[in-house]
Amino acid sequence: MTENPAPGTRVTSGTPATDFHQRIIGDAAAAVRGLTVAVGERLGLYRALAEHGPLTPAQLACRTGTSERYVEEWLHAQLSAEYVERHPSAGTYTLPPGHAPVLADPSAVTYAAGFFTALKALYATEDLLVDAYRTGDGVGWAEHDPALDTGMGSFFEPTYQHRLLPDWLPALHDVTGKLTAGGRIADVGCGVGHTTLLIAKAYPEATVHGFDYSEEAITIARQLADDAGLSERVIFETASADDYPGSGYDLVTFFNCLHDMGDPVAAAQHVHKSLDADGTWMLVESNVSPADVDSGTPAARMFMALSAVMCLPVAVAQRGPHALGNHSGERAFRAIAEEAGFTRWRRAAETPVNAVYEVRP
């Protein structure tokens, strides 16, 4: 007779099926835990712990205007995930200092909690995704809840905040000088406008346009511009990457969006047409390639999963000739640029998540 392990006993090894079963249980726990992270981010629970901890469940509930019983249960989930620490003698919980920049500080380059608020949008379209897999059709960005705009924007924003102005733009040849003197910029696929507004703040003499085909995202971007006092200097318009208005731009930027487009060649051709003869296309993309499919790195695992449930379906929904997925890699992007007429290509900067390409006519 095989005895069941006592409650609380960890299953450490066994048959390959048993070991893999435990891994799947761990992945399932992570999937559900993501919802608790979204809840903690939206209610300010992590921030309160970071700023005022150690706190009892009652104290945390009082500081955040939430129910003590729910907060206690949420803390148990965080404790089991080793996100927080408990001090049994005092009945209090703390957020370790090394965890605060990831879960509680939106200004930190490592902040990641905001990503989990996008899960609501992705899980809500599961039925559409299943149908897409059966039919070969897509799931358009507009079919998702606006939480996808804000959640994905929140995920990329810390990197943009810390890398765009001090590292990425200066890495481009003769760009910052043009912007300082009053250049013209088109931020295409701008989403809710984080990058657009960062550039506008840094270069007050420049003319800055933000374009996105999502009306929901543009609505949010306009509100953010109002909040920042930049609505008179930054123009947000609903437009697709292959027909946005204007020409003679000194800089056109694409931040993590070319791979979402159904016809990336047409988008690249329009960039070529809209640029000044000495202009620059700044293409920021995922720093992964087909070779990373089985690399097992955290970034690769995240990008592969996102591509299967978001990036590829969004591109397919546009019914264009290409649906790249987010890990097409530098070779594919360079081929697209060359087909569109660009003659100069350079990897200007990179992080573990992003690659920054300088593309010129």
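**Salt bridges, pockets and surface of the predicted model**

E338 and R334 are four residues apart in helix α14, so about one helical turn separates them. The model is a predicted one, in which local features need pLDDT of at least 70 and side-chain atom pairs count only at pLDDT 80 or more, while totals for chains, interfaces and linings use all residues. Residues are numbered from 1 along each chain as its sequence is written, and side-chain values use heavy atoms, with hydrogens and water left out. Helices (H or I, at least four residues) and strands (E, at least two) are DSSP runs numbered from the N terminus.

E338 and R334 form a salt bridge, with their closest N and O atoms 3.3 Å apart; the term denotes a side-chain nitrogen of Lys or Arg within 4 Å of a carboxyl oxygen of Asp or Glu. E338 is partly exposed at a relative accessible area of 47%, and R334 is partly exposed at 36% (buried means under 20% relative accessible area, exposed over 50%, partly exposed in between, with a 1.4 Å probe and protein chains only). Salt bridges with shared partners also join R69, E72 and E73 into one network. By this rule the count is 11 salt bridges.

A salt bridge with an N to O distance of 3.2 Å joins the side chains of K178 and D278. K178 belongs to helix α9 (residues 176-181) and D278 to strand β7 (residues 275-286), so the pair ties together parts that are 100 residues apart in sequence. K178 is buried at 19% relative accessibility, whereas D278 is partly exposed at 35%. In the pair R347 and E330, the closest N and O atoms of the salt bridge are 3.0 Å apart. Strand β8 (residues 344-350) holds R347 and helix α14 (residues 330-339) holds E330, so this pair links parts 17 residues apart in sequence. R347 is partly exposed at 31% relative accessibility, as is E330 at 26%.

The largest pocket has a volume of about 1600 Å³. Of the 36 residues that line the largest pocket, F115, F116, P298, R301 and M302 are the closest to its centre. A pocket is defined on a 1 Å grid over the protein atoms alone, as an open set of points where a 1.4 Å probe fits, with protein on both sides within 12 Å along at least five of seven lines; lining residues have an atom within 4 Å of a point. Grid points are joined across faces, edges and corners, and a volume is the space filled by probe spheres set on the points. At least two lining residues come from each of α1 (16-43), α6 (119-124), α7 (126-135), α8 (147-168) and α13 (298-317). The lining of the largest pocket comprises 24 nonpolar, six polar and six charged residues (Ala, Val, Leu, Ile, Met, Phe, Trp, Tyr, Cys and Pro count as nonpolar, Asp, Glu, Lys and Arg as charged, and the others, Gly among them, as polar).

The second largest pocket has a volume of about 720 Å³. Its lining has 41 residues, of which G189, D212, N256, C257 and D260 are the closest to the centre. Helix α8 gives the largest share of this lining, six residues. By class, the second largest pocket is lined by 20 nonpolar, 15 polar and six charged residues.

L55 lies in the loop between α2 (45-52) and α3 (57-64) and is buried, with a relative accessible area of 5%. In contrast, L35, in helix α1, is exposed at 57% relative accessibility.
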